[in-house]
Amino acid sequence: KIQDEAGHGLYLYSAAETLGVGRDQLIDQLLTGKAKYSSIFNYPSLSWADIGAIGWLVDGAAIMNQVMLTRTSYGPYARAMVRICKEESFHQRQGYEIMSVLASGTEEQKAMAQDALDRWWWPSLMMFGPNDADSAHSAESMKWKIKRESNDELRQRFVDRTVQQAETIGLTVPDPDLKWNEERGHYDFGPIDWDEFWNVVKGNGPCNRDRMKARREAHENGRWVREAAAAHAAKKAARKTAA
């Protein structure tokens, strides 16, 4: 899974490079905080059950967004999403299987699975972005067909599918307002804490500082590898020219 996710980053950086921006510039924007990354990465993983919940919920929410993006109007982005969706689908099934096994295990294991669901449910709903009325970019993205469906439409579909999956393995979605609306043909669900969402986006989440510190340290510690690779490439090019 880790290897797959690293590959997804490379696909998307490559797609962005087709717009004329350099890889070094993109990485610098990330390290300086100018570029944003998904708010979901700023929450801690506390137990093995979190690995299952992340695969099931986080990757499940990602797939809901990404399947739509395989039909986006920008070709390089759409093509990258095709392979990403195939791999994320495996991650989602793996995560759900982990949760299913835990939920059917001992009382302690089921409690661990329920605790993970309790902590990851609302951050997963936030992954779809602000409500349509409050989204700064959603309407523009829809206009240019970068997005084909709105934040609220995708979030509703995710809730409808995931609630049934939770019930199948005997877990309870942590939302006292959750109920089936026969007239709408969808689940009604409670209000999302958007103050928490924006607080995390602004860099004040549970793990924002730790995540960025680790990323900057990894980039600095890998400097010698990049320099060695560049030197090797230069020597190889020089030998080819001399020949």
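Predicted model: local features only at pLDDT ≥ 70, side-chain atom pairs only at ≥ 80, totals over all residues.
View 1. G7, H8 and A15 are the buried residues of α1. Viewed down the axis of α1, these buried residues fall within an arc of 110°, so they line one face of the helix. An α-helix has 3.6 residues a turn, so residues three or four places apart point the same way. The buried residues of α1 pack against α4. I2 and Q3, on the other side of α1, are exposed.

**View 2. Span of helix α1.** α1 is built of 16 residues. From its first C-alpha to its last, α1 reaches 23 Å, close to the 22 Å expected at 1.5 Å a residue.

**View 3. Packing of helix α1 (residues 2–17) with helix α4 (residues 75–103).** The two axes come within 9 Å and cross at roughly 170°. Angles over 145 degrees count as roughly antiparallel, which makes α1 roughly antiparallel to α4. On the α1 side, the contact is made by D4, E5, H8, Y11, L12 and A15. On the α4 side, the contact is made by P76, Y77, A80, M81, R83, I84, E87, E88 and H91. Residues of this contact divide into 8 nonpolar, 2 polar and 5 charged.

**View 4. Packing of helix α4 with helix α5 (residues 107–126).** The axes of α4 and α5 lie 7 Å apart, and the helices pack at an angle of about 135°. α4 and α5 are therefore oblique to each other. M99, L102 and A103 of α4 make the contact with Q109, K110, A113, A116 and L117 of α5. The contact of α4 with α5 comprises 6 nonpolar residues, 1 polar and 1 charged.

Terms used. Residues numbered from 1 in each chain as written. Heavy atoms only, no water. Axes fitted to C-alpha atoms, helices over the stretch in contact; angles between N-to-C directions. Helix = DSSP H or I, 4+ residues; strand = E, 2+ residues; numbered from the N terminus. Parallel < 35°, antiparallel > 145°, perpendicular 65-115°, else oblique. Contact = heavy atoms within 4.5 Å. Nonpolar A, V, L, I, M, F, W, Y, C, P; charged D, E, K, R; others polar. Expected span 1.5 Å × (residues − 1). Buried < 20%, exposed > 50% of the residue type's maximum accessible area, 1.4 Å probe, protein only. Arc of directions from axis to C-beta.
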